[in-house]
Amino acid sequence: MDLHEKVVLVTGGAHRVGKAIALAFAGAGAHVVIHYGSSEDAAHATAREIKSLGVQALVVQADLADPAAIADLFEAVRDRFGRLDVLVNSAANFIKQPFDEVTLDAWKDAMQVNLRAPFFCTQHAARLMRATPRPADQPAAIINIGDLAGVHPWRDFVQHGVAKAGLLHLTKISARELGPDVRVNAIVPGAILPPASIAPDSERWQAMGESVPLRRTGHPRYVAQTAIFLAQNDYITGAIIPVDGGEHLIGIGTH
Ligand SMILES: NC(=O)c1ccc[n+]([C@@H]2O[C@H](COP(=O)([O-])OP(=O)(O)OC[C@H]3O[C@@H](n4cnc5c(N)ncnc54)[C@H](OP(=O)(O)O)[C@@H]3O)[C@@H](O)[C@H]2O)c1
């Protein structure tokens with residue numbers, strides 16, 4: 001797909017990895033919808049950066065735990081652009097909790113945001129994508145952002161890991177269901193940006209980088225580059241690409 005003048009929605013696009021993805025699509029000539037949950041100022045700042053690249057930006061708030069809010073998000077995209085070409089499901093929560101202390105609410109939080117929301121976003125996106133005529137050899141694209149916790153059984157991440165494992169299976173099922181009109185792929189990042197609980201200049205973060213085959217932590221641009229590649233390559237669907245310096249080879253998960 002040539003991304004010029006296409007419309008891309010990035011959930012959780014206000015900052016961090018989602019922002020890098022949003023800016024990369026804008027740099028490739030796409031108009032970008034920045035979804036945010038609570039980071040309103042950051043979302044508008046990202047929109048200003050996107051507009052400075054000469055493309056359009058739309059900022060939309062939605063609590064992804066609420067299916068009605070997800071429906072409204074896609075209505076907002078339809079109202080403004082009348083089409084959608086790429087969806088990146090990047091928003092997620094990341095809760096570390098001992099197995100024995102996981103409550104019903106904690107379980108629901110992870111499942112609703114990290115698994116149910118990507119499914120309903122996929123369903124709404126596919127309807128909008130299929131309503132837009134496009135060349136048969138240039139399908140629309142959905143990109144799910146997974147996590148190595150969904151591949152390896154990290155300790156203290158049961159609800160997060162199970163939800164992210166589900167997201168990878170959802171990627172494959174969606175790829176089968178939505179072809180030939182929509183391709184669906186996933187990126188599985190490794191240690192790209194530390195969570196709030198780990199300082200970027202801490203020995204712990206440094207050690208996490210040194211423990212993977214490429215001996216360093218990553219950068220959001222590596223995830224963004226892969227998202228652009230998956231959007232542009234018209235013959236890849238159902239793929240799951242680790243962007244993790246090789247961490248998937250050893251499955252350390254030392255968060
Ligand atoms: N950072 C890494 O090294 C790393 C490693 C592996 C996988 N990943 C995956 O990559 C993606 C992006 O990572 P990140 O570290 O940039 O993520 P993040 O900062 O932890 O969260 C991304 C966004 O998700 C949004 N979000 C969370 N709950 C929401 C809700 N109920 N409703 C709406 N939005 C909600 C938040 O938006 P607001 O701030 O607007 O509320 C947040 O900005 C995630 O899927 C993550 O699991 C990241």
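**Core packing, aromatic pairs and backbone features**

Reader: P180 is found in the loop between α5 (158-178) and β6. Which residue does a cis peptide bond join to P180?

Author: The model is predicted. Most peptide bonds are trans. At the bond in question, omega is about 0°. The partner of P180 in this cis peptide bond is G179.

Reader: How many aromatic pairs does the structure hold, and what geometry does the pair of F119 and F120 have?

Author: The structure holds three aromatic pairs. The ring centres of F119 and F120 are 4.8 Å apart and their planes lie at 70°; an angle over 60 degrees counts as edge-to-face. F119 is partly exposed at 33% relative accessibility, and F120 is partly exposed at 27%. The pair is therefore edge-to-face.

Reader: Are W154 and F157 buried or exposed, and which residue joins them in a cluster?

Author: W154 and F157 are both buried. Their ring centres are 5.5 Å apart and their planes are at 75°, so this pair is edge-to-face. Ring pairs link W154 and F157 into a cluster with F94.

Reader: At what distance from the ring centre of Y222 does R221 lie?

Author: R221 is placed over the face of Y222. The distance to the ring centre is 4.9 Å.

Reader: How many residues has the largest nonpolar core, and which have the most contacts inside it?

Author: The largest nonpolar core has 35 residues. Elements giving two or more residues to this core include α1 (16-27), β4 (86-89), β5 (140-145) and α7 (220-232). Another core, of 28 residues, lies apart from it and has A62, F74, A117 and L178 among its members. In the largest core, the residues with the most contacts are I21, F25, V86 and I143.

Reader: Which elements do the buried residues of α7 pack against?

Author: α7 has 13 residues and spans 19 Å from its first C-alpha to its last, close to the 18 Å expected at 1.5 Å a residue. Its buried residues are P220, V223, A224, T226, A227, I228, L230 and A231. These residues pack against α1, β4, β5, β6 (182-189) and β7 (240-243).

Reader: How far apart in space are G146 and I192, C-alpha to C-alpha?

Author: G146 is found in the loop between β5 and α5, and it is buried, with a relative accessible area of 6%. Leaving aside neighbours within four places in sequence, G146 is in contact with K164, L167, L168, I187, V188 and P189. G146 and I192 are 46 residues apart in sequence, and their C-alpha distance is 12 Å.

Definitions and conventions: Residues numbered from 1 in each chain as written. Predicted model: local features only at pLDDT ≥ 70, side-chain atom pairs only at ≥ 80, totals over all residues. Heavy atoms only, no water. Phe/Tyr/Trp six-rings, centres within 6.5 Å; stacked < 30°, edge-to-face > 60°. Buried < 20%, exposed > 50% of the residue type's maximum accessible area, 1.4 Å probe, protein only. Lys NZ or Arg CZ within 6 Å of the ring centre and 35° of its normal. Core = buried A, V, L, I, M, F, W, Y, C linked by side-chain atoms within 4.5 Å. Helix = DSSP H or I, 4+ residues; strand = E, 2+ residues; numbered from the N terminus. Expected span 1.5 Å × (residues − 1). Contact = heavy atoms within 4.5 Å.
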